[in-house]
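Please look over the sequence and the coordinates shown here before reading on.

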Amino acid sequence: MTIRISAPDTASKGEVIELKAMIQHKMETGYRRDSRGDVVARDVITRFECRYNGELVFASDFHPGIAANPFLSFHTRATESGTLDFTWTDQDGQSWSETHELTVE
Amino acid sequence: MIRAGLIACLVFAACSAPPEEAGTPVRDPLPDDIKRSGTAFLQPDTRALQADDFANPGFLWIDRGEKLFRAGVDGSKACAACHGEDGADLVGAAAHYPQVDAASGELVNIEGRINQCREQHQSLPPLDYESDDLLALTAYVSHLSRGEPVSVDVSGPAARYYEMGRDYFFTRRGQLNLACSQCHNEHWGEKLRGDTISQGHGNAFPAYRLEWQTLGSLHRRLNDCDEGVRAEPMPLGSDTYKAVELYLAKRAEGLPIETPGVRR
């Protein structure tokens, strides 16, 4: 599963920073049929969370109808040096994560 | 797809009777001074998405391709071990494909060259056309040539493939009885359903099509165009599509490689 994260490596205390996250996922809706007329099974991510030193700073619930390879962009305030953790979880509970170290000066 | 075909038929019937009724399409090549990449015909938001190296979803495949390029599989040598950590030796290479392979005399495109390296230099089985891994490696290798002008050799052993591709381009086909040239040479810039018809260049492929919701090869795009006129499409990776790819590359000569493109 390919994940792309865009986040600053350093920020000053109190600064509002932009975070961007994208994951390769087909987000199969469960409403489509294949060339033989069979329903293509639903396969979607249902939850995204971003934690900053363990604290939840952004979350999003996903539903069928969200395009493949979902891309999110959001903001948070830089308070202290530490780890940003980005986690996606699918309908079956499988999850994928990526981390980014942020230094606050 | 059927509905698209029908509408195409109506559009063309309404706005232009063919110059010679069901005759041979005009064979004039596209003049150099009006040559424009497909990117020029996109809606502004789609163009902005292509131009954004983070938001452009094609980069998911570039990243994946880069990882594959650096990793040896099953103890085999990594691509990077022979071609440089950042693929330095392959910068510019993709701008000169397809080309005839000296050893076999066959026309190979980037997909084919990658599979050749897998078989001959890595003792690995070839990857399926349109598999995520082959698309990723192809996109990565093509992206190394981003900005390089397309320039292919169509002389000598390549000449017969070039002619084969050119014939395909100017031959009417399918229930709608349309040649590639009738859309991409004679009607570019005009509307067809939700699309603006471009000049049909391949310089941004593999490209992310919003309709596909994924990255796809140039051959998949050709498959869509053939289906659009309700013709039997050729297999992806076939000699015919490779020959068309060569003709398109010669026709696009001088346009910069833009992989990964974003398309509607």
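## Overall form of chain B

The structure is a predicted model. In chain B, the secondary structure consists of 10 helices and seven strands. The C-alpha trace of chain B extends about 60 × 40 × 35 Å along its principal axes.

The radius of gyration of chain B is 19 Å; because a compact globule with 264 residues would have a value near 18 Å, the two agree. Among contacts in chain B between residues at least 6 apart in sequence, 70% link residues that are at least 24 apart.

Of the 264 residues in chain B, 50% count as buried. The accessible surface of chain B amounts to about 12100 Å², and carbon and sulfur atoms contribute 53% of that area.

## Strand E3 of chain A

Strand E3 of chain A covers residues 16-23. Six of its eight residues are buried, so the strand is largely enclosed by the rest of the structure.

E3(A) pairs with two strands described here. With strand E1 of chain A (residues 3-6), the pairing is antiparallel and has four bridges; within it, Ile3(A) has Ile23(A) as its bridge partner. With strand E6 of chain A (residues 71-77), E3(A) is joined by seven bridges, again in the antiparallel sense. In this second pairing, Ile17(A) stands opposite Thr76(A) of E6(A).

Definitions and conventions:
Residues numbered from 1 in each chain as written. Chains lettered and ligands numbered in written order. Predicted model: local features only at pLDDT ≥ 70, side-chain atom pairs only at ≥ 80, totals over all residues. Heavy atoms only, no water. Rg over C-alpha atoms; globule rule 2.2 N^0.38 Å. Buried < 20%, exposed > 50% of the residue type's maximum accessible area, 1.4 Å probe, protein only. Contact = heavy atoms within 4.5 Å. Areas by Shrake-Rupley, 256 points an atom, 1.4 Å probe, with all protein chains shown as cover. Pairing = 2+ DSSP bridges.
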